[in-house]
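Open the model in your viewer and keep the selection tool ready. Each stop below tells you what to pick and what you will find.

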Amino acid sequence: MTGFSATMASALLIVFGAATFAGNLAGGYLTSHLGWQKALRLMLLLLAATQVGVALSIASPSMMTVMLFVWGVFAFGLSPALQAGMLATAERYTPQAVDFASGLNISAFNLGISFGSMLGALMVSRHLMASSPWAGVAAALLALLPLARLARRNLAAHVAGAAVH
């Protein structure tokens, strides 16, 4: 759709790989400075905005290259915040099962990859490849829902704890 050759596609994989490395570093930095919930919320919103940019840049090879890098940064910037959030949540609610929860986190990553691949293949088979970034926008925004629920749950527990003291 963008007109990249097979050779250029290989080069773009290197661009994306560099972006994932940068994203992990940026995500770790944000998580340590903002806390995992704020970092995760920010990265999901930026990822959704990036997917809008991808959708709007799909006909421009130069813009698509830039957006591919930005996409990789924000997509993989989520990992440190997700891992930190999973560990913090497990330590709070199931401290005896932190290792098990960590394993479930990796399983959830793989399940997400599988689901995303399945959705992408379905969209391509129905000639909706140009619409696939919009599915990414929806997925990123949908991911904010359990985060909001957990934040409300933590706030309610904090308020209840403060009322006892």
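Select serine 60 first. At 24% relative accessibility, serine 60 counts as partly exposed, because that class lies between buried (under 20% relative accessible area) and exposed (over 50%), with a 1.4 Å probe and protein chains only. Serine 60 sits in the loop between helix 2 (36–57) and helix 3. Threonine 31 and serine 60 are 29 residues apart along the chain, and their C-alpha atoms are separated by 33 Å.

A word on what you are looking at. This is a predicted model, in which local features need pLDDT of at least 70, side-chain atom pairs count only at pLDDT 80 or more, and totals for chains, interfaces and linings use all residues. Residues are numbered from 1 along each chain as its sequence is written, and side-chain values use heavy atoms, with hydrogens and water left out.

**The whole chain**

Zoom out and switch to a cartoon view. How many helices and strands does the protein have? The secondary structure comes to 5 helices and 0 strands. Helices (H or I, at least four residues) and strands (E, at least two) are DSSP runs, numbered from the N terminus. Along the sequence, the pattern reads α-α-α-α-α. The C-alpha trace spans about 65 × 30 × 25 Å along its principal axes. Of the 165 residues in the protein, 29% are buried.

**The aromatic cluster**

Select Phe16, Trp71 and Phe76 and show their side chains. Ring pairs link these three, Phe16, Trp71 and Phe76, into a cluster. Rings of Phe, Tyr and Trp (its six-membered ring) pair if their centres lie within 6.5 Å; planes under 30 degrees apart count as stacked, over 60 as edge-to-face and the rest as tilted. The count by this rule is 2 aromatic pairs.

Take phenylalanine 16 with tryptophan 71. Their ring centres are 5.7 Å apart and their planes stand at 65°, so the pair is edge-to-face. This pair links distant parts of the chain: phenylalanine 16 is in helix 1 (residues 6–34) and tryptophan 71 is in helix 3 (residues 61–93), 55 residues apart. Tryptophan 71 is partly exposed, with a relative accessible area of 30%.

Next, take phenylalanine 16 with phenylalanine 76. The centres of these rings lie 6.0 Å apart with planes at 80°, so this pair is edge-to-face. Phenylalanine 16 in helix 1 and phenylalanine 76 in helix 3 are 60 residues apart, and the pair links distant parts of the chain. Phenylalanine 76 is partly exposed, at a relative accessible area of 33%.

**A loop stop**

Move to histidine 127. Where is histidine 127 found? Look in the loop between helix 4 (98–125) and helix 5. Phi of histidine 127 is near 60°, a positive value in a residue other than glycine. With 76% relative accessibility, histidine 127 counts as exposed.

**A nonpolar patch**

Show the surface and select Phe115, Met118, Leu119 and Leu122. These residues make a nonpolar surface patch of about 380 Å². Patches are made of residues with over 30% relative accessible area and no salt bridge: like charges are joined within 9 Å, nonpolar side chains (Val, Leu, Ile, Met, Phe, Trp, Tyr) within 5 Å. A salt bridge is a side-chain nitrogen of Lys or Arg within 4 Å of a carboxyl oxygen of Asp or Glu. Methionine 118 is found in helix 4. Methionine 118 is exposed, with a relative accessible area of 52%.

Note on methods. Accessible areas come from the Shrake-Rupley method with a 1.4 Å probe; for residues, only the protein chains shown count as cover.
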